[in-house]
Amino acid sequence: MSNQTDIPHFNPMFRLQWEQAQDCYVLLFPEGMVKLNGAAGEIMKLVNGKNSIEKITELLLKQFPDGQGINDDVNEFLIVAAEKKWLYYEQ
Amino acid sequence: MNSDNDKKLGPPLWLLAELTYDCPLHCPYCSNPTDLGDFSDELTTEQWCKVLTEARAMGAVQLGFSGGEPLLRKDLDQLVKHGRDLGFYTNLITSGIGLTEKRIAKLKQAGLDHIQISFQGADPEINDAIAGRGKAFEQKFKMAKSVKAQGYPMVLNFVLSKQNIDQIEAVMELSCQLKADYVELATAQYYGWAYTNRDHLLPSQEQLVEAERQVNQFRDRQQGKGPQFIFVTPDYYETRPKACMNGWASTFLTIAPDGSALPCHSAKMLPLKFPNVKDKSVNDIWLQDFSFNRFRGDSWMPQPCQSCDEKEKDFGGCRCQAFMMTGDMDKTDPVCSKSPDHHLITKAIAQALNPQGKIVQRVNQRKIVEADIARIKL
C-alpha cells in the first residue's frame, strides 16, 4: 500500500479526455486509447501533481458521499495506474 | 450491414490521413501503391478539414498524418490545429526529412501530440542506402533528439528486412540513446513496393529467431526502464493470419491523398469501387457504402474460415494478401496453415532465400512528371 501523503503526478505522455462517443473518460497516447470506468476517470481527474492520495480520497468522498470503501478503490487503482505509467511519484 | 453481424458497429476510431504520396525517400519496403498517380488530385485544405470534422463527430479519436511524407504539405500546421481543436489525439508519422527545430516547435504550438520517426537502420551507411538518400540518418538523428527535447512523446519505427535485421542490437541501443518512448521493430509488411521486393526483403527464419532472442535479452536487461520495444514478425512465418485492421472497416479509416476512403491503406488494389470524400460524407461512407460492408461480419467467408472456431479472432486475415497471392479477395488469407493456398507462402519463403533480379527503389512519380515537363520546355 502506498503512503497516503504521496502525491501522484500525471504522466504528460498521456492525455485524459472525456469522449462523448464512448461515454467515458479515456487516456490517449501515441496511436492508442484506454477507456476508463467511471471511478477510474474520476480519480485520474484529480491526479494533478498537487493532490496527495489522502486528498484525492477526501475530494471523492465529498463528491460521492455514499462511496463505501472508496479508500481501497483509490489505492488499488493508483497502484495499477503507476504500473501502467499513467502517473508517477517523485523519488 | 450483413445480417449475421449482430455486433454494433462502432465509429472509425482511427483516422489515417494520407496527405500526399510524395516522399523524399525511396525505401524499397514502402507499402504505398506502386502506381502513385500524379499528385494533381490531392485534397485541398478545406476538403481535409471537412473530413476531420465529420470523422470526429462520429467519434474518431486518433488522427494520424501520414503519406508519403506529410511534411511536404504546406498546410500541415493548419490541419494539425484543426484536428487538435476538434479533440483528436494527433500523430505525425514522418521520415524526419523536412523537419527543423522550428517546425517541431510550430507543430507543437498547433497542438501536435506525438511524432513518430521512421529509421531504416542503426547507422548512416545502412540507413541511407535503404532510404536512397544521403545524410538521411544524420537528419533523423538530430530531429529525434529535438522532438524529445521539445517534450513530445516519441515513437521510433524501424522497418526490418534482410538488410538490417542483424543490426537489431544496435537499433535498440540507438533507441535508448534517443530516449524513445515506444519503438516498433517491425518487419516489413509485403504490400506495394515491398511486395515487388519481397524476395529481397523477407528475412530468413534463422534471422528472425535470432532477432527475437536479442530483443528478449535486451528487454530483460531494461528492468522496466527506457523504451518499450514492440517486435512485429512478418506474418509469413505464422500459422494463423493477422487480425488485419482489427477486422475490415471495424476501427480504421484511411483517406488516401486523392480523397478515396479505404478500410486500410492498401485496399485500393482490390477490385472494389471505393467511395471518395469529395462525393460523400464520412458518415455515409462508414455506415452505408457497399465496399465498407463487403467484408464485415462473416457471411462473406469461404471455407475453411466459415466453420473455423478462430474466425472471430482473425476475421479470415488480410483481404489484400488473399487477393495479391491468389487473385481472389474472398479467399482465406494464405498465411493460415488451414488455407488450401498456404503453399504460396511456403514458396515465397523458399524464394526469398535466393532472390532473383534487382531490388527496386521506390520511384517518386512527381520527379518523373517534372522531368517530362522540363524536357518539353527544352
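This is a predicted model: local features need pLDDT of at least 70, side-chain atom pairs count only at pLDDT 80 or more; totals for chains, interfaces and linings use all residues.
Me: Where do I start with charged side chains, and how many salt bridges does the structure hold over all chains?

Reply: Start with the general idea. Side chains of opposite charge can pair when their charged atoms come close. Over all chains, the structure holds 22 salt bridges.

Me: Which residue forms a salt bridge with A:Arg15?

Reply: The partner is B:Asp113. Their closest N and O atoms are 2.7 Å apart. This pair crosses between chains. A:Arg15 sits in strand β2 (residues 15-19) of chain A. B:Asp113 sits in the loop between α3 (101-110) and β4 (114-119) of chain B.

Me: Are A:Arg15 and B:Asp113 buried or exposed?

Reply: Both residues are buried.

Me: What about B:Asp75 and B:Arg73, and how far apart are N and O there?

Reply: Their side chains form a salt bridge at 2.8 Å, N to O. B:Asp75 counts as buried because its relative accessibility is 8%, under the 20% cut-off. B:Arg73 is also at 8% and counts as buried.

Me: How do I read a salt bridge inside a helix?

Reply: Count places along the helix. An α-helix has 3.6 residues a turn, so residues three or four places apart point the same way. Take B:Glu138 and B:Lys142, which both lie in helix α5 (residues 136-149) of chain B. They are four residues apart, about one turn of the helix. They form a salt bridge, with the closest N and O atoms 3.7 Å apart.

Me: How accessible are B:Glu138 and B:Lys142?

Reply: B:Glu138 is partly exposed, with a relative accessible area of 41%. B:Lys142 is partly exposed too, at 49%. For a network, look elsewhere: salt bridges that share partners join A:Arg15, B:Arg84 and B:Asp113.

Me: Back to chain A. In what order do the three strands of the open sheet come?

Reply: The order is β2-β3-β4, and the pairing is antiparallel. The edge strands are β2 and β4 (32-35), each pairing on one side only. Ignoring direction, neighbouring strands of this sheet are turned by 35 degrees against each other on average.

Me: How many bridges join β2(A) to β3 of chain A?

Reply: Five bridges join them. Strand β3 spans residues 24-29. A:Arg15 has A:Leu28 as its bridge partner in β3(A).

Me: Which residues of helix α1 of chain A are buried?

Reply: Helix α1 covers residues 38-45, and its buried residues are A:Ala40, A:Gly41, A:Glu42, A:Ile43 and A:Met44. Elements of chain A covering them include β1 (8-10), β2, β3, α2 (53-63), α3 (70-83) and β5 (87-89).

Me: Which residues have the most contacts inside the largest nonpolar core?

Reply: They are B:Phe65 and B:Leu185, in a core of 107 residues. A second, separate core has 23 residues, including A:Met13, A:Leu27, A:Ile56 and A:Ala81.

Me: One last residue. Where does A:Asn51 lie?

Reply: A:Asn51 lies in the loop between α1 and α2 of chain A. Its relative accessibility is 13%, so A:Asn51 counts as buried. The side chain of A:Asn51 reaches the backbone oxygen of A:Leu46 at 2.9 Å. Beyond its neighbours within four places in sequence, A:Asn51 is in contact with A:Ile7, A:Pro8, A:Leu46, A:Ile56 and A:Leu59.

Definitions and conventions. Residues are numbered from 1 along each chain as its sequence is written. Chains are lettered from A and ligands numbered from 1 in the order in which they are written. Side-chain values use heavy atoms; hydrogens and water are left out. A salt bridge is a side-chain nitrogen of Lys or Arg within 4 Å of a carboxyl oxygen of Asp or Glu. Helices (H or I, at least four residues) and strands (E, at least two) are DSSP runs, numbered from the N terminus. Buried means under 20% relative accessible area, exposed over 50%, partly exposed in between (1.4 Å probe, protein chains only). Two strands pair if DSSP finds at least two bridges between them. Axes are lines fitted to C-alpha atoms, for helices over the stretch in contact, and angles run from 0 to 180 degrees between N-to-C directions. Contact means heavy atoms within 4.5 Å. A nonpolar core is a set of buried Ala, Val, Leu, Ile, Met, Phe, Trp, Tyr and Cys residues joined through side-chain atoms within 4.5 Å. A polar contact is a pair of N or O atoms within 3.5 Å; within protein, one must be able to donate a hydrogen and the other to accept it, and residues adjacent in sequence count only if both atoms are side-chain atoms.
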